[in-house]
Amino acid sequence: MALVSVAGLVAAGLIATGATGCADMSGIAPQASLRDAPSLGLNTATAPAPVAAEWWRDFGDETLNGLVAQALQTSPSLKLAQARLARAQAATDVAHAATLPQVNGQLDLTRQRYTANGAVPPPLAGSIRESATAQLAASWELDFFGKNRAALDAALGSANAAQADAQAARVLLASQVARSYFQLVRLNEQSGVASRTLAQREETLRLVRDRVNAGLDTRLELRQSEGGLPEARLQFEAVQEQMALTRNALNALLGQPNSASALVPSAQSAIKNVALMPNIPADLLGRRADIAAARWRVEASSKDVANAKTQFYPNINLVAFAGFSSIGLGNLLNLGSQQWGVGPALRLPIFEAGRLRANLRGKTADLDAAVESYNAAVIDAVRDVADQVASSQAIGRQQAEQREAQEAAESAYDIAVQRYKAGLGNYLNVLTAETSVLAQRRLAVDLAGRALETQVALIRALGGGYAPEQLPVAQDATKIIAVSERPVSANGLFDQ
């Protein structure tokens with residue numbers, strides 16, 4: 001305790017006498033500031049229920065549930081994010097160890113010949129002897145200026161950011177699997193439409209041939225009807241190609257090639273729609289993992305700045321050692337071979353040729369970059385949510401109009417076929433009506449598929465069920481951050 005007091009008095013005296021005046025940090029300060037909710041036009045009044053962690057189950061499709069579960073277990077991209085989290089956690093342990101005393105053991109055994117023409121006196125000069133040292137050495141850096149604590153806080157912020165990144169990777173993977181699966185569902189429906197189109201045109205061709213054989217139509221109608229078959233086959237093959245590509249993309253997301261080759265998607269009508277949220281409050285948007293990661297990087301950068309400032313102050317350590325040292329192994333454990341030492345060690349930057357200021361400017365620039373990255377992430381998140389809400393609402397209106405258009409087209413087609421069978425109309429009217437019907441059928445499938453994909457995109461934009469979870473060590477960091485001085489203020493937006 002006396003040594004600690006002496007070290008503290010020495011440090012206070014050095015600061016009081018202006019010994020650190022050569023290392024001046026004045027004029028270096030962050031310039032960026034975090035955006036607040038009002039500046040982004042966000043509603044902060046009330047928040048709806050958060051998105052469920054396993055939101056994909058709300059669609060009521062067991063096939064989708066199985067695919068997402070499989071992807072979360074086997075995807076390399078998710079395992080990569082988890083490895084980065086483990087690396088960040090290890091860095092936190094390293095930073096935490098620097099705040100504690102260090103004890104090292106030493107054992108040296110040496111056989112050497114001492115020079116006869118040097119400073120070593122007889123009888124050692126010119127002789128070959130064994131020497132040995134066995135001792136324990138301890139050191140403890142007295143963190144008077146918070147250097148190690150700031151480094152620990154920075155590491156904790158980076159670890160929390162890595163954890164949020166891992167959760168963001170999970171949300172992104174689940175949404176990609178869901179969207180790819182819904183694309184496969186849509187293409188499967190389109191394949192059914194193409195099959196019905198092909199069968200319908202084959203039936204029409206038989207009808208036209210019968211009418212030509214009966215002398216009711218000419219070869220012009222026959223050639224027109226025959227030309228519709230290759231076109232229908234072309235559409236069918238194009239859909240099959242898209243389905244194959246979508247299956248390959250789904251295989252890649254699952255991390256298991258050919259695992260989805262025999263996958264039979266559910267009917268589009270059997271998949272439930274998820275209710276939309278017309279108003280998006282800041283609280284719900286703040287649950288996005290990428291925004292949480294960006295916010296934690298701001299915290300880590302702010303602590304890096306604090307750590308850079310402490311480099312301007314003295315470095316004070318307590319060091320001690322105790323052990324045995326002797327020439328001749330037989331004397332190593334004799335009482336006369338004992339050695340020990342204890343005392344403070346101080347290191348003071350007096351002239352660093354601008355290195356400390358340059359380091360502080362760099363860390364401050366990193367903080368500004370982290371703040372602006374956070375602002376960019378928030379702005380992009382607001383735009384993303386607004387886009388998905390606008391698309392969802394527009395698709396709903398389009399579907400209502402499309403249903404009416406399809407009913408009219410189906411009715412017109414039935415009338416055209418009946419008139420053609422009765423000899424009251426020509427085949428061109430049938431082709432025109434059929435083209436309209438097929439276009440409406442494809443459009444109905446596409447709109448339904450877009451509705452499902454947009455719902456997935458909106459869920460992802462709202463965080464995908466992300467809930468901030470702190471690391472075991474980071475729980476202490478939260479208390480540290482709460483009582484420390486923050487160089488930037490979040491203005492209450494998306495605070496953890």
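The structure is a predicted model, in which local features need pLDDT of at least 70 and side-chain atom pairs count only at pLDDT 80 or more, whereas totals for chains, interfaces and linings use all residues. Residues are numbered from 1 along each chain as its sequence is written, and side-chain values use heavy atoms, with hydrogens and water left out.

The chain contains 10 helices and four strands; helices (H or I, at least four residues) and strands (E, at least two) are DSSP runs, numbered from the N terminus. Along the sequence these elements follow the pattern α-α-α-β-β-α-α-α-α-β-β-α-α-α. Of the 496 residues in the chain, 41% are buried, where buried means under 20% relative accessible area, exposed means over 50% and partly exposed lies in between (1.4 Å probe, protein chains only).

The strands were examined next. Two strands are said to pair if DSSP finds at least two bridges between them. Strand S1 (102-113) runs antiparallel to S2 and is joined to S2 by 12 bridges; in this pairing Gly105 stands opposite Leu136 in S2. None of the 12 residues of S1 is buried, and the strand is hardly covered. The loop between S1 and S2 holds Pro123, and the peptide bond from Pro122 to Pro123 is cis, with omega near 5 degrees. Strand S2 (residues 128-142) also pairs with strand S3 (residues 315-327), in the antiparallel sense and over 12 bridges. Here Leu142 stands opposite Ile316 in S3. On S3, Ile316 also stands opposite Leu346 in S4, and S3 and strand S4 (residues 338-347) run antiparallel, joined by 10 bridges. In a regular strand the side chains alternate between the two faces of the sheet.

The expected span of a helix is 1.5 Å times one less than its number of residues. For helix H4 (residues 147-213), with 67 residues, this rule gives 99 Å, and the end C-alpha atoms are 97 Å apart, which agrees. Just after H4, Gly215 takes a positive phi of about 80 degrees. Helix H8 (residues 355-421), also of 67 residues, reaches 93 Å from its first C-alpha to its last, close to the expected 99 Å. Gly423 follows H8 and has a positive phi, near 80 degrees. An α-helix has 3.6 residues a turn, so residues three or four places apart point the same way.

Contacts between aromatic rings were then considered. A search of the whole structure finds four aromatic pairs. Rings of Phe, Tyr and Trp (its six-membered ring) pair if their centres lie within 6.5 Å; planes under 30 degrees apart count as stacked, over 60 as edge-to-face and the rest as tilted. The ring centres of Trp55 and Trp56 are 5.5 Å apart and the planes stand at 80 degrees, so this pair is edge-to-face. Both Trp55 and Trp56 are buried. Phe59 and Phe182 form another edge-to-face pair, with 5.0 Å centre to centre and 65 degrees between the planes. Because Phe59 lies in the loop between helix H1 (2-16) and helix H2 (62-74) while Phe182 lies in helix H4, the pair ties together parts that are 123 residues apart in sequence. Phe59 is buried at 0% relative accessibility, and Phe182 is buried with a relative accessible area of 1%. Ring pairs link Phe59, Tyr181 and Phe182 into a cluster.

Another residue, Asn65, is placed in helix H2 and is buried, with a relative accessible area of 6%. The C-alpha atoms of Asn65 and Ala174 are separated by 9.8 Å, although these residues are 109 apart along the chain.

Rolling a probe the size of a water molecule over the atoms shows where empty space is left.
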